[in-house]
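Here is a friendly briefing to read with the model open beside you. It goes topic by topic, from the overall layout to single residues.

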Amino acid sequence: MAIKFNPILGTFLVVVATVLLYVSDAQGGRKEAIAGGWKPITNITDPEVVDIGKFAVDEHNKEAKTKLKFQKIMKGESQVVAGINYRLVITAKDGDSPHNYLAEVWDKPWEKFRNLTSFGECKLEN
């Protein structure tokens, strides 16, 4: 005896499962991080992260014709997308005066692609 697939019943089951998952999520049933969300960078002294910070300052200097000097990364977050987005708070010197800057860099290392998407002065929040 062969079992036959009923397309109407299959569609109904998919709709019911989707509704149940949606309701569960809306009621706070899902507590884990959402894929693609921003996650803190735990090791801000990692050479790769520092390299991204230096790249951000260098690119900003080229684009804005400034002479900022990279000092260190204060904190950062990363987001997995089609590559990795980095959001870094960077300390850089403008002459003798250090300032904090918020930089976002999109990195796709397998393509050797790196792009500064934003850079601006910021106040560091505690």
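Helices (H or I, at least four residues) and strands (E, at least two) are DSSP runs, numbered from the N terminus. With that in hand, the elements of the protein run α-β-α-β-β-β-β from the N terminus on, giving two helices and five strands. This is a predicted model, in which local features need pLDDT of at least 70 and side-chain atom pairs count only at pLDDT 80 or more, while totals for chains, interfaces and linings use all residues. Residues are numbered from 1 along each chain as its sequence is written, and side-chain values use heavy atoms, with hydrogens and water left out.

**Overall picture**

- Of the 126 residues in the protein, 26% are buried; buried means under 20% relative accessible area, exposed over 50%, and partly exposed in between (1.4 Å probe, protein chains only).
- A contact means heavy atoms within 4.5 Å. Among contacts with a separation of 6 or more, 41% are between residues 24 or more positions apart.

**The largest nonpolar core**

- A nonpolar core is a set of buried Ala, Val, Leu, Ile, Met, Phe, Trp, Tyr and Cys residues joined through side-chain atoms within 4.5 Å.
- The largest one has 19 residues, and Ala 56, Val 57, Leu 88, Ile 90, Leu 116 and Phe 119 touch the most other members.
- At least two residues of this core come from each of helix 2 (47–64), strand 2 (69–81), strand 3 (83–94), strand 4 (97–108) and strand 5 (113–121).
- Helix 2 gives the largest share of this core, six residues.

**Helix 2, end to end**

- The buried residues of helix 2 are Val 49, Val 50, Ile 52, Gly 53, Phe 55, Ala 56, Val 57, Glu 59, His 60 and Asn 61.
- Strand 2, strand 3, strand 4 and strand 5 are included in what covers those buried residues of helix 2.

**Aromatic pairs**

- The structure holds two aromatic pairs. Rings of Phe, Tyr and Trp (its six-membered ring) pair if their centres lie within 6.5 Å; planes under 30 degrees apart count as stacked, over 60 as edge-to-face and the rest as tilted.
- Tyr 101 and Phe 119 are stacked, at 5.2 Å centre to centre with 25° between the planes.
- This pair links distant parts of the chain, with Tyr 101 in strand 4 and Phe 119 in strand 5, 18 residues apart.
- Tyr 101 is buried because its relative accessible area is 6%, and Phe 119 counts as buried at 17% relative accessibility.
- Trp 106 and Phe 113 form an edge-to-face pair, at 5.1 Å centre to centre with 75° between the planes.
- Trp 106 counts as partly exposed at 26% relative accessibility, and Phe 113 counts as partly exposed at 29%.
- Phe 119 also touches residues beyond four places away in sequence: Ala 56, Val 57, His 60, Leu 68, Tyr 101, Leu 102 and Ala 103.

**Charges over rings**

- A charge sits over a ring if NZ of Lys or CZ of Arg is within 6 Å of the ring centre and within 35 degrees of the ring normal.
- Arg 87 lies over the face of Trp 38, at 3.8 Å from the ring centre.
- The charged end of Lys 108 sits over the ring of Phe 113, at 5.1 Å from its centre.

**A buried asparagine**

- Asn 85 lies in strand 3, and it counts as buried because its relative accessibility is 18%.
- Leaving aside neighbours within four places in sequence, Asn 85 is in contact with Trp 38, Glu 77, Ser 78, Gln 79, Val 105 and Trp 106.

- Lys 65 is not a glycine, yet has a positive phi of about 55°.
- At 73% relative accessibility, Lys 65 counts as exposed.
- Lys 112 likewise has a positive phi of about 55° although it is not a glycine.
- Lys 112 lies in the loop between strand 4 and strand 5, and is exposed, with a relative accessible area of 80%.
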